[in-house]
Amino acid sequence: QVQLVESGGGSVQAGGSLRLACAASGYTYRDTYRGKRMGWFRQAPGKEREGVACIYTGLGITVYAGSVKGRFTISQDNAKNTVYLQMNSLKPEDTAMYYCAAGDVDGSWDNPSRYNYWGQGTQVTVSS
């Protein structure tokens with residue numbers, strides 16, 4: 001049974017930092033299949049879920065949404081089967097529920113339907 005468990009959310013002031021973690025179990029985390037990836041998505045109230053960042057776990061390639069590029073960094077710890085999202089220079093508009101996802105369905109990295117498994121989410125709140 002695949003489980004993704006997020007941690008690290010919280011409340012910070014604008015300009016602050018948080019690091020989210022996503023621990024994967026029951027999932028072949030690292031695979032030579034080029035399409036296998038883990039991503040971070042977020043969803044604010046009344047808005048659609050949007051892709052934030054993704055890492056292709058077998059290749060180490062990372063991609064980011066334009067709104068977070070230069071501020072957020074996604075990384076992986078293969079020994080711990082864990083993916084991290086380091087968030088710096090946080091803004092109030094980053095406030096959302098953040099979700100970890102894993103999948104290998106061909107398609108755009110920021111399309112939620114291309115992911116097979118999801119975590120329960122962790123709340124990030126940034127105050128001005």
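Is the disulfide of Cys22 and Cys100 left-handed or right-handed? Select both residues and look along the S-S bond: the torsion about it is about -75 degrees, so the disulfide is left-handed.

Before you click further, some ground rules. You are looking at a predicted model, where local features need pLDDT of at least 70 and side-chain atom pairs count only at pLDDT 80 or more, while totals for chains, interfaces and linings use all residues. Residues are numbered from 1 along each chain as its sequence is written, and side-chain values use heavy atoms, with hydrogens and water left out.

**Stop 1: the cysteines**

Stay with Cys22 and Cys100. Their sulfur atoms are 2.0 Å apart, and a disulfide here is a pair of cysteine sulfur atoms within 2.5 Å. By that rule the count comes to one disulfide. Cys22 lies in strand 3 and Cys100 in strand 9, so the pair ties together parts that are 78 residues apart in sequence. (Strands are DSSP runs of E, at least two residues, numbered from the N terminus.) Both Cys22 and Cys100 are buried, where buried means under 20% relative accessible area, exposed means over 50%, and partly exposed is in between, using a 1.4 Å probe and protein chains only.

**Stop 2**

Zoom in on strand 3 (residues 18-25) and strand 8 (residues 82-87). These two run antiparallel and are joined by six bridges; for two strands to pair, DSSP has to find at least two bridges between them. As background, strands of a sheet pair through backbone hydrogen bonds, either parallel or antiparallel.

**Stop 3: the rings**

Show side chains for Phe41, Tyr115 and Trp118. Ring pairs link these three into a cluster. Rings of Phe, Tyr and Trp (its six-membered ring) pair if their centres lie within 6.5 Å; planes under 30 degrees apart count as stacked, over 60 as edge-to-face and the rest as tilted. By this rule the count comes to three aromatic pairs.

How are the rings of Phe41 and Tyr115 arranged? Their centres are 5.1 Å apart and their planes are at 85 degrees, so the pair is edge-to-face. This pair links distant parts of the chain: Phe41 sits in strand 4 (residues 37-43) and Tyr115 in the loop between strand 9 (96-103) and strand 10 (117-118), 74 residues apart. Phe41 is buried at 0% relative accessible area, and Tyr115 counts as buried at 6%.

Then hop to Arg19, which lies over the face of Tyr84 at 4.2 Å from the ring centre. A charge sits over a ring if NZ of Lys or CZ of Arg is within 6 Å of the ring centre and within 35 degrees of the ring normal.

**Stop 4: a charged network**

The structure holds three salt bridges, each a side-chain nitrogen of Lys or Arg within 4 Å of a carboxyl oxygen of Asp or Glu. Start at Arg42, whose closest N and O atoms with Glu50 are 2.6 Å apart. Arg42 counts as buried at 6% relative accessibility, whereas Glu50 is partly exposed at 34%.

Asp94 also forms a salt bridge with Arg42, at 2.9 Å between the closest N and O atoms. Asp94 lies in the loop between strand 8 and strand 9 and Arg42 in strand 4, so the pair ties together parts that are 52 residues apart in sequence. Finally, Arg71 and Asp94 meet in a salt bridge (2.8 Å, N to O). Salt bridges that share partners join Arg42, Glu50, Arg71 and Asp94 into one network.

Key:
Helices (H or I, at least four residues) and strands (E, at least two) are DSSP runs, numbered from the N terminus.
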